[in-house]
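Subject: Structure handover

Hi,

Here is the structure I promised to pass on. My notes on the ligand site and the cavities follow below.

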Amino acid sequence: MTATYDADLQLFIAGEWRGTEGRDARPVYNPATAATIADVPSATAADLDEALAAAKRGWPLWRAKTPQERAALMHKVADNIRQRADHIATLLTLEQGKPFGEARGEVLSAAALFDYFAEQGQRIEGRVVQRPTGQRAMVLKQPVGPVAAFSPWNFPVNLMAKKIAPALAAGCVVISKPPEETPGCTSAIMRCIVDAGISGDVVQLVYGDPDMISRHLLASSTIRKVSFTGSTAVGKHLMKLAADNVQRITMELGGHAPVLIFDDCDLDATLDKVVAQKFRNAGQVCVSPTRFYVQDGIYDAFVQGFAQRTAKVQIGDGLDAATQMGPLANSRRIPAIEKLIADATAKGGRIIAGGDATGDGYFFRPTAIADVPLDADVMTTEPFGPLALIRPFGTEDEALEQANRVPFGLAAFAFTENGRRINRVADAIESGMVGINAFAISAHDMPFGGIKESGFGSESGPEGLDGYLVPKAVHIY
Ligand code: NAD
């Protein structure tokens with residue numbers, strides 16, 4: 001499949017599309033070739049001030065709409081996304097590298113998010129407490145206010161929608177800053193929103209210097225809520241900035257997911273699942289399985305099976321139908337992963353597959369290291385790339401201790417056929433999400449979020465909507 005990069009890269013501020021005139025521009029690369037394919041304009045301080053003023057104007061208007069009016073517009077957004085799915089997915093693959101099939105699935109899941117939250121927004125309900133004296137106390141749920149939403153480059157379409165859709169459903173307005181690496185697919189989503197008839201004071205789009213933009217927006221008391229998906233380091237920084245205006249926050253940060261493989265699992269079926277999942281999106285997934293703890297009795301067979309399957313993963317341009325894993329999304333991940341591998345092998349880890357960058361563009365071969373020592377940096381630093389780490393364990397207690405040893409707690413997985421063990425593991429593991437015998441833990445109607453340094457607050461599900469609502473207690477005497 002060949003495709004041209006047919007993107008219209010502009011900011012959308014106060015109902016106006018704004019290009020590079022009078023603004024700095026940043027290059028956009030195709031990670032499969034390392035070629036520059038476009039320039040994206042950077043918002044200026046004046047742009048951001050106008051965006052803040054527009055959000056202030058737009059909030060009372062959007063909030064005054066009925067949930068049904070909001071839902072009708074949001075369903076139109078979903079329809080627009082579905083109709084343009086092939087175009088948006090092509091832009092996503094060209095900018096981010098993932099195989100086209102995965103890109104298309106991501107785009108359709110963004111449409112589904114708008115549909116889900118359109119419906120969920122019509123179910124925002126408070127409660128009434130009846131007092132014996134005839135008094136009433138009510139809990140109302142109200143929109144939190146204008147939102148600054150920062151989403152990353154690994155699932156740029158889905159994660160942008162995961163913030164905008166619940167915010168709109170709750171009655172909030174949004175200034176969205178998607179990543180500068182993938183502005184074509186995210187500005188195409190913005191077109192779907194605008195073409196649905198949602199006004200330019202309700203949803204706005206900015207790109208530019210992430211630090212400048214977040215400092216500028218969070219310094220304004222107009223912003224009442226900050227939603228961020230990205231690294232723990234940046235999340236901590238934004239939490240400090242949000243403290244100055246006591247802005248509410250949802251933080252979806254890094255993970256380092258353990259996978260506990262018990263000797264009673266179906267080994268072949270498990271290996272098929274874990275290898276496919278490990279290299280999905282080239283491992284650039286916050287819930288990617290990374291630390292594989294395998295019970296002694298099946299350790300050697302697991303290592304061998306993992307190596308064989310990993311060697312067969314087909315890497316290439318995401319537009320090639322045979323490709324199972326594309327390039328990394330940006331060049332800076334290559335030295336970061338190389339450094340982690342060098343440290344792990346110097347300390348005794350054994351490379352059983354891959355191990356290096358390859359070809360033009362930002363390709364890195366699917367890599368697995370066995371016998372990784374606990375003091376290797378990669379056992380505590382999230383690899384965020386196509387790198388699997390494998391270690392043996394003896395007992396269930398030992399496996400749980402290993403699983404919980406890192407400061408992260410986003411996703412965790414276990415493979416076992418023992419029903420009692422499933423309950424024990426699900427209870428004891430320190431993470432916001434647990435997958436048993438499967439990796440499908442991201443669903444529109446379920447909370448998605450972490451504990452410990454993986455952040456707090458949830459996206460998706462009714463809990464995701466709650467993140468954009470504040471309770472108000474009304475006492476009537
Ligand atoms: P990074 O820490 O430089 O950036 C992470 C994300 O935050 C990017 O989308 C970036 O645009 C944004 N960002 C950076 N500084 C910001 C600021 N001051 N204000 C607002 N946004 C800002 O890391 P990176 O090299 O882009 O990505 C690698 C690391 O990021 C990984 O190790 C991983 O932990 C994390 N990450 C996590 C997710 C996730 O889904 N949780 C997604 C992407 C990246």
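By class, the shell around the ligand splits into 10 nonpolar, 6 polar and 5 charged residues. Bear in mind that the model is predicted. The shell counts 21 residues, and Trp153, Ser214, Ser231, Arg332 and Glu382 are the closest. Three elements each give at least two residues to this shell: α7 (210–218), β10 (225–229) and α8 (232–244). The ligand takes up the space of the largest pocket.

In Glu382, a side-chain N or O atom is 2.4 Å from an oxygen atom of the ligand. For Ser231, a polar side-chain atom lies 2.6 Å from a ligand oxygen. Arg332 also places a polar side-chain atom by a ligand oxygen, at 2.7 Å. The ligand alone exposes 800 Å², and the protein buries 85% of that.

Next, the cavities. How many are there of 30 Å³ or more? The count is 2.

The largest cavity has a volume of about 60 Å³. Its lining has 15 residues, with Pro258, Phe408, Gly409, Ala411 and Glu430 nearest the centre. β12 (257–261), β19 (408–409) and β20 (411–415) each supply at least two residues of that lining. By class, the lining is 9 nonpolar, 4 polar and 2 charged.

The second largest cavity comes to about 30 Å³. Leu159, Lys162, Thr229, Glu252, Cys286, Phe448 and Glu459 line it. That makes 3 nonpolar, 1 polar and 3 charged residues.

Best wishes

How values were computed:
Residues numbered from 1 in each chain as written. Predicted model: local features only at pLDDT ≥ 70, side-chain atom pairs only at ≥ 80, totals over all residues. Heavy atoms only, no water. 1 Å grid on protein atoms, 1.4 Å probe; cavity = no way out; pocket = protein on both sides within 12 Å on 5 of 7 lines; lining within 4 Å. Points joined across faces, edges and corners; volume = space filled by probe spheres on them. Helix = DSSP H or I, 4+ residues; strand = E, 2+ residues; numbered from the N terminus. Nonpolar A, V, L, I, M, F, W, Y, C, P; charged D, E, K, R; others polar. Near = heavy atom within 4 Å. Polar contact = N/O pair within 3.5 Å; in protein donor to acceptor, adjacent residues only side chain to side chain. Areas by Shrake-Rupley, 256 points an atom, 1.4 Å probe, with all protein chains shown as cover. Sits in = over half its atoms within 2 Å of the grid points.
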